[in-house]
Amino acid sequence: MTEAVSKVIRTEEYQLSMGPVHPSTHGVLQILLTLDGERVVKAVPCMGYLHRGIEKLMESRNYFQCMPYTDRLDYVSAMNNDFAYCRAVEKLAQLEVPERAQYIRVIMAELNRIASHMIFIGSLAVDVGATTGMIYPFRDRECILDIFNELCGARMTYSYIRIGGVKSDLSVKVIDMINVFLKNLSAMIDEYNDLLTGNEIFQHRLKNTSVITAEQALQLGLTGPMLRASGVNYDLRKDNAYSSYEDFIFDVPLGNSGDNWDRYIVRMKEMRQSAKIVKQALDGLPEGSVMAKVPKVLRPPKGEVYVTTEGPRGEVGYHIISDGTVKPYRVHIRRPSLINLQALDLMCRGYLVGDVVVAMSTIDPILGEVDC
Amino acid sequence: MQGKGLLTGLSVTIRHFFGKKVTVQYPEEKLPMSETFRGGKLVLDQKKCIGCRLCSMACPNEALDLTVETDENKKRHMKKYIHKSGRCLYCGFCVEACPTKAVTWDKNYAIACYTRTDLTYDAVKSDGRNETHE
């Protein structure tokens with residue numbers, strides 16, 4: 001349409017409600033889109049459809065009983081949530097975790113990161129219309145879920161990482177399963193590359209859309225792969241190493257331009273790095289117990305802590321205030337999905353409606369975590 | 001070459017089309033549950049139970065409603081062991097808390113039921129059937 005014509009035909013902005021029952025909103029998220037034709041003028045995420053009041057629920061349970069609730073925040077990577085919560089309570093109660101437990105925690109957190117990124121690849125593929133691309137990562141994620149099922153008896157809500165250590169030691173069968181998985185992982189990732197990364201249509205949809213510059217990413221407080229895709233080298237596993245992460249050699253993949261493509265590639269590369277960490281941790285697994293001496297009735301001293309952990313979606317932070325009783329006085333959870341979701345408006349402005357779906361997908365929010 | 005990526009992707013699909021199936025043909029085929037599997041209904045071994053109530057104290061969501069009775073020898077018995085499975089988080093803390101290993105999961109994962117009352121059952125009378133509570 002030429003300039004002259006577009007001045008004559010005035011288009012009117014209108015609102016379109018996308019979700020909460022839209023197949024590509026990854027759960028129950030509503031996006032209020034203000035559109036000018038097919039261009040997005042404004043995108044407002046409306047949250048709260050999955051609110052369960054977990055922070056409040058935790059105030060009425062003792063420190064041990066809070067564990068199943070942290071599982072239900074980011075249910076795709078429950079291990080990482082448990083990990084963050086346990087670290088916070090351990091710091092509060094000044095508990096020392098045995099080294100073997102630290103290594104096992106790292107193994108499980110990294111395996112869960114791979115599983116979570118597989119979900120990301122699968123859901124991204126199905127959102128851009130490549131339904132076949134979804135099946136493969138979901139099939140492979142099943143291998144990790146089988147490992148977890150063997151380990152702790154649940155496929156999703158693990159409650160495996162406990163205050164003071166882990167629930168049980170690794171059995172020979174579990175170690176074998178992890179080794180088999182690590183051996184196959186490279187072929188799995190190659191398959192995704194063949195299916196998706198090399199696909200011209202897929203590239204066309206992702207490249208140069210929803211660009212976030214490093215400065216904007218920092219201003220929005222983005223963390224995790226979202227931030228690293230914009231080229232900011234910030235990974236808590238390196239910058240604020242916890243739970244023996246300093247023992248392992250791994251790279252932090254970075255993007256250049258901060259577009260959807262970079263966010264995809266960063267996560268693809270992270271899977272290989274996670275596998276590298278798991279391999280090193282399994283090889284160097286120290287002997288010893290997997291549980292510290294934790295009192296049956298845990299009464300941490302008065303005070304407050306804020307502890308952060310690098311989850312698959314970014315910085316998972318737990319702020320716990322103790323009043324010296326068996327129950328936490330207040331728990332606040334920094335959920336990376338919630339904060340990353342704030343970038344949606346910036347990522348959608350000026351792009352087409354079809355790109356909203358892709359932007360949404362590369363943020364990779366888990367609504368259980370967003371709504372808490 | 002434009003379109004080469006598409007063809008590579010298609011070759012993956014075709015290769016798997018003639019490959020081995022990875023899915024399980026449920027319900028004809030069933031997967032065995034792992035040793036540690038948490039799920040199904042709670043089974044109470046009354047001979048082992050000492051009526052200490054540690055299981056209900058460990059429960060994060062008050063899913064266990066117990067009635068303990070003391071007999072003439074001052075020995076505690078579990079009269080009712082109501083498991084409100086609708087409230088249950090399946091964390092297995094009750095099973096872990098038991099000092100005598102009297103509580104276990106029956107590992108039967110097909111526990112869907114038609115009415116809300118069917119979710120609540122008494123593990124003392126557990127003979128593998130849906131024993132509804134009131």
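How far is the sulfur of B:C52 from the closest cysteine sulfur, and in which residue does that one sit? I looked this up before anything else. The model is predicted, and the closest cysteine sulfur to B:C52 is in B:C98, at 6.2 Å. A disulfide needs the sulfurs within 2.5 Å, so B:C52 and B:C98 are too far apart for a bond. B:C52 itself is partly exposed, with 25% relative accessible area.

**Cysteines, continued.** A:C348 counts as buried, at 1% relative accessibility. My tally of disulfides over all chains is zero.

**Sheet in chain A.** A:C46 turned up again here: A:Q30 stands opposite A:C46, which belongs to β3(A). I found an open sheet of three strands in chain A, ordered β1-β2-β3, with antiparallel pairing. β1 (14–18) and β3 (39–46) are the edge strands, each pairing on one side only. Ignoring direction, neighbouring strands are turned by 25° against each other on average. Between β2 (residues 30–36) and β3 of chain A I noted seven bridges, running antiparallel.

Which helix packs on this sheet? I got α15 (residues 353–363) of chain A, which touches β1, β2 and β3 of that chain. The direction of α15 makes about 150° with that of β2(A).

**Aromatic rings.** I counted 13 aromatic pairs over all chains. One that I opened up is B:Y26 with B:Y109: the centres are 6.5 Å apart and the planes are at 45°, which makes the pair tilted. What does this pair tie together? B:Y26 is in the loop between α1 (4–17) and β1 (42–44) of chain B, and B:Y109 is in the loop between β4 (103–105) and β5 (120–122), so the contact links parts 83 residues apart in sequence. Buried or exposed, or in between, for B:Y26? I have B:Y26 as partly exposed at 47% relative accessible area, and B:Y109 also counts as partly exposed, at 31%.

In chain A I noted one aromatic cluster formed by A:F83, A:Y103, A:Y242, A:Y245, A:F248 and A:F250.

**Charges over rings.** I logged two cases. In chain A, the charged end of A:K207 sits over the ring of A:W261, 4.9 Å from the ring centre. In chain B, B:K41 has its charged end over the ring of B:Y121, and the distance to the centre is 4.7 Å.

Terms used
Residues are numbered from 1 along each chain as its sequence is written. Chains are lettered from A and ligands numbered from 1 in the order in which they are written. This is a predicted model: local features need pLDDT of at least 70, side-chain atom pairs count only at pLDDT 80 or more; totals for chains, interfaces and linings use all residues. Side-chain values use heavy atoms; hydrogens and water are left out. Rings of Phe, Tyr and Trp (its six-membered ring) pair if their centres lie within 6.5 Å; planes under 30 degrees apart count as stacked, over 60 as edge-to-face and the rest as tilted. Helices (H or I, at least four residues) and strands (E, at least two) are DSSP runs, numbered from the N terminus. Buried means under 20% relative accessible area, exposed over 50%, partly exposed in between (1.4 Å probe, protein chains only). A charge sits over a ring if NZ of Lys or CZ of Arg is within 6 Å of the ring centre and within 35 degrees of the ring normal. Two strands pair if DSSP finds at least two bridges between them. Axes are lines fitted to C-alpha atoms, for helices over the stretch in contact, and angles run from 0 to 180 degrees between N-to-C directions. Contact means heavy atoms within 4.5 Å.
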